[in-house]
Amino acid sequence: MENNRSLTQGEFQIIHPNAAGIDVASQMHFVAIPPSRDHPSVRKFGSFTQDLHDIAKWLKKCGIDTVAMESTGIYWIQLYLILEEYGFEVFLVNARHIKNVSGRKSDVQDCQWIQQLHSFGLLNASFQPDLNGRELRTYMRHRKHLTESYAAQIQLMQKAFEQMNIKLCNVLSDITGKSGLAMIEAILKGERDASQLALLADIRVKASHQDIVKSLQGVWRNEHIFELRQAYDLYLIFKEKIKECDHQIEQTLQQQQNTSFDSGQNKGKSKGTNKFDFNATIYLKKILGVDITEIFGISELTAMQIISEIGVDLSKWPTPKHFVSWLNLAPNNRISGGKMLKTKRNRKKNKAGQAFLMAAFTLHRSNHWLGATYRRIAAKNGAPIAIKATARKLAIILYQMITKQVEFCPLPIVDYNQLFKERKIKYIKNQALMLGFQLIPS
C-alpha cells in the first residue's frame with residue numbers, strides 16, 4: 001500500500017495518494033479508488049442508506065482518507081454526512097470546475113477523473129458549515145420559502161379585491177395590517193355595507209373616512225369572495241407555520257450558546273412584516289461578540305440570513321478579498337497579454353451574497369456615507385454596478401467586525417463629503433498639470 005508521502009508522476013505531484021472520487025446521482029453512486037488498492041477499483045453502489053454505509057466501509061478497508069464528490073442537486077447531502085461520520089476528509093466539488101474535459105461520456109470515467117484530479121490536489125472543496133450551522137441554514141431557507149408562500153396569498157387577496165373593484169389598496173398601505181384584517185374578517189362574515197366596514201379602520205389611517213367608504217364600494221361576487229376566503233385561510237396557516245419555524249430557529253440559537261435568554265424583554269426591535277417572532281439581535285450579539293445589525297442596511301432578518309449561510313467562523317477566508325470573491329461580489333476581471341479583457345458576468349448565485357445585494361439596494365436614499373457612495377457610483381456607472389459595489393463594502397465591514405471584534409463605527413457624512421471633495425480636487429490638479437495648466441483657487 002502506498003504511504004502518505006507525496007509521489008511524483010510526470011510533471012504533476014501526487015498530493016493525496018489515498019484519494020477516492022465519487023460521481024453522485026439520484027439512484028446510484030460510482031466510486032473510484034487508486035487501482036492498486038482493490039479490484040475492481042471502480043464500483044457501483046445504490047443510493048439507499050445501507051448502500052451509503054457500504055461505500056464508507058469499502059473506502060475504509062481500502063485505506064482511503066480523503067474523498068471528492070461532485071455536487072449534484074441534493075443527492076450528495078446524506079452521503080457527505082455519513083462519510084464525515086466515518087472520519088473521511090470530504091471535498092464537495094462544483095461540477096462546473098471539472099466538466100470541461102472531452103472524451104468522458106460515462107459515470108465510470110467521471111468518477112475516475114474526479115479521483116485523479118483529487119489525488120493531484122487540483123480540486124477545491126466547496127464551503128460547508130458545521131452541523132449547527134447546517135441546521136440553522138435549513139431553518140432559514142425553509143422560512144424563506146414559507147415567507148414567499150405567505151406573500152403569494154396576500155397577492156391573491158389583493159387580486160380578489162381588484163376583481164370586485166374594491167380599492168382597499170388605495171387607502172391602506174398594507175391590507176394585512178390591523179385595519180385591513182378587521183375588514184377582511186368582516187367581509188368573510190357577510191358584511192357588505194361600505195360605511196360599516198369603514199368604521200373598522202384604525203384612527204392612524206391617513207385616508208379620510210369618505211375615501212375609505214368609496215374604496216369599499218364594489219361588486220360583491222360569490223366566486224371572488226370564495227377566492228378571498230381561501231387565500232385568507234392559507235395566509236393564516238403560513239403565518240402560523242412561520243411562527244413555528246421562528247421557534248425552531250430560536251432553539252437552535254440557544255443550543256449554540258448552551259444557554260437561553262428572555263428574548264421577550266427586548267421584543268420588537270426588528271421592523272417589517274417578515275420580522276422574527278423573537279429578538280434575534282441578542283442571540284447574534286452573544287454568538288458573534290459584536291452587533292452586526294448596526295451596519296447600515298443589515299436588518300435582523302438579513303443578518304440571520306447571512307450568518308446561516310457563512311457560519312460564525314470566518315477563518316475559512318484568509319482575507320476580506322477571499323470573502324467577497326466567495327460571495328460573488330468581486331469584479332470578474334480577466335487579464336490576458338497584460339490587457340484587461342471585457343468583464344464577463346459571473347452567473348453563479350450565492351445566497352449570502354444576494355442578502356448583501358438586497359441590503360445594499362435599500363441604501364439608495366439613505367443619508368449616510370454608504371448611501372452617498374451608492375449614489376455617486378450609480379451616477380457614473382448605473383444602479384446594478386452601484387448595488388454590487390456597495391454590497392461589497394457591506395461584506396468587508398461585516399468581515400472586519402467579526403474577525404477583529406470591533407463595533408461598527410460609521411464615518412460621518414460631512415467627513416465623507418469633505419474627503420471626497422479633496423480627492424476630486426487632487427485628481428483635477430493632476431489632470432491640469434498633465435495638460436500644462438495649474439489650478440489657482442478662486
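## Notes on the predicted model

1. Arg143 counts as buried, at 3% relative accessibility (buried is under 20% relative accessible area, exposed over 50%, partly exposed in between, with a 1.4 Å probe and protein chains only). This residue is found in helix α4, residues 131-163 (helices are DSSP runs of H or I with at least four residues, strands are runs of E with at least two, and both are numbered from the N terminus). Setting aside neighbours within four places in sequence, Arg143 is in contact with Ile242, Cys245, Asp246, Ile249, Asn274, Lys275, Phe276 and Leu301 (contact means heavy atoms within 4.5 Å).

2. A word on the ground rules, friend to friend. This is a predicted model, in which local features need pLDDT of at least 70 and side-chain atom pairs count only at pLDDT 80 or more, while totals for chains, interfaces and linings use all residues. Residues are numbered from 1 along each chain as its sequence is written, and side-chain values use heavy atoms, with hydrogens and water left out.

3. Gln248 lies in helix α8, residues 222-257. Is Gln248 buried, partly exposed or exposed? Its relative accessibility is 29%, so Gln248 counts as partly exposed. From C-alpha to C-alpha, Gln248 is 9.8 Å from Glu135 in space, although the two are 113 residues apart in sequence.

4. Now for the sheet. Five strands form an open sheet with mixed pairing, in the order β5-β4-β3-β6-β7 (two strands pair if DSSP finds at least two bridges between them). Its edge strands are β5 and β7, each of which pairs on one side only. From one strand to the next, the twist averages 20 degrees (axes are lines fitted to C-alpha atoms, for helices over the stretch in contact, and angles run from 0 to 180 degrees between N-to-C directions).

5. Strand β3 (residues 19-24) and strand β4 (residues 28-32) pair in the antiparallel sense over four bridges, and Ile22 stands opposite Val31 in β4. Strand β6 (residues 66-70) runs parallel to β7 and is joined to β7 by five bridges; Val67 has Val90 of β7 as its bridge partner. As background, side chains in a regular strand alternate between the two faces of the sheet.

6. How many of the five residues of strand β7 are buried? Four are, so β7 (residues 89-93) is largely enclosed by the rest of the structure. Recall that β7 is an edge strand of the sheet.

7. The other edge strand, β5, spans residues 42-46 and holds Phe45. With a relative accessibility of 14%, Phe45 counts as buried. Neighbours within four places in sequence aside, Phe45 is in contact with Met28, His29, Val31, Asp51, Asp54, Ile55 and Trp58.

8. Helix α1 lies across β3, β4, β5 and β6, and runs at about 155 degrees to β5. The axes of α1 (residues 49-61) and α2 (residues 77-85) come within 10 Å and cross at roughly 40 degrees. The two helices are therefore oblique to each other (under 35 degrees counts as roughly parallel, over 145 as roughly antiparallel, 65 to 115 as roughly perpendicular, and the rest as oblique). Thr49, Leu52, His53, Ile55, Ala56 and Leu59 of α1 make the contact with Gln78, Leu79, Ile82 and Leu83 of α2.

9. Helices α13 (residues 369-381) and α14 (residues 383-404) pack at an angle of about 150 degrees, with axes 7 Å apart. They are therefore roughly antiparallel. The contact residues include Trp369, Tyr374 and Ile377 of α13, and Ile387, Lys393 and Leu394 of α14. By class, the contact has twelve nonpolar, three polar and one charged residues (Ala, Val, Leu, Ile, Met, Phe, Trp, Tyr, Cys and Pro count as nonpolar, Asp, Glu, Lys and Arg as charged, and the others, Gly among them, as polar).

10. Lastly, Ser119 is found in helix α3, residues 107-119, and is buried, with a relative accessible area of 9%. Not counting residues up to four places away in sequence, Ser119 touches Gln13, Ile14, Ile15, His16 and Ala19.
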